[in-house]
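Please open the structure in your viewer and keep the sequence panel beside it.

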Amino acid sequence: SAPVTASGFGLALVSVLWAYDGWGDVSFAGGEVKDPQRTLPKAIIGGTLAVIVAYLLVNTGYVYVLSLPAVANSPLVAADTMTTIVGPAGAVFVSMLVALSTFGALNADFLGSPRVFFAMADDGLFFKAIAKVHPRFQTPHVAILLTAGMSILLVFSRSFESLTETFVIAIWPFYGLCVAGVFRLRRLRPDMTRPYRVFGYPAVPALFLLAVGGFLLSMMLPLMAMFQ
């Protein structure tokens, strides 16, 4: 029954954007993808659409089975939903699925995220040793170990909820900077070869930047109110 506010909307988006995050991770491994001009757009667009459908269907099912107030107050909404439908065995089953999904997400993250450190080191922007490639498996094993070590430290530093909130707030300014880079490159390097064309340029990237700015501003409003 509380009124919808800009700051409340921004806080709600933290969890939503966490569910959808990963749409850009595919591009991290672009240097190792066959026919990237065709494969990457299909993977990003197709994967994002699949997540949208799954996210909406699953949340519709939660609300249908438990009701909206029960979903809002449930710490383990998937387990509570399955318990309501099939009993205690349902909670065990869905917990196993969550564990499998978690390992799948970790596998995908470790295919993509270490490539950022690897590329930075390969371009001379990070420690040179991070750019080493395993002689047998041809993988950036040093970058993978660095990512794993940092991840372990973060897991022990705070709760899962706090980590997700921090991650979403921290990563979106950089998504915005990446898209803003399109405008800069168009201006500084107009003759550069571009295998990818931004659909609807300049309106689409400008709209994306406005959305990012609005989201970050709504997140900052509660912090600003604290210091008034």
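Which residue just after α6 takes a positive phi? Select Gly124, where phi is about 80°. The model is a predicted one, in which local features need pLDDT of at least 70, side-chain atom pairs count only at pLDDT 80 or more, and totals for chains, interfaces and linings use all residues. Residues are numbered from 1 along each chain as its sequence is written, and side-chain values use heavy atoms, with hydrogens and water left out.

Next, select helix α6, residues 114-122 (helices are DSSP runs of H or I with at least four residues, numbered from the N terminus). Within α6, colour Pro114, Arg115, Phe117 and Ala121, which are buried, meaning under 20% relative accessible area with a 1.4 Å probe and protein chains only. Looking down the axis of α6, you will find its buried residues within an arc of 160°, so they line one face of the helix; the arc is that of the directions from the helix axis to the C-beta atoms.

Finally, select the whole protein, whose secondary structure comes to nine helices and zero strands (a strand being a DSSP run of E with at least two residues). The C-alpha trace spans about 60 × 45 × 40 Å along its principal axes, and of the 228 residues 19% count as buried.

Terms used: Buried < 20%, exposed > 50% of the residue type's maximum accessible area, 1.4 Å probe, protein only.
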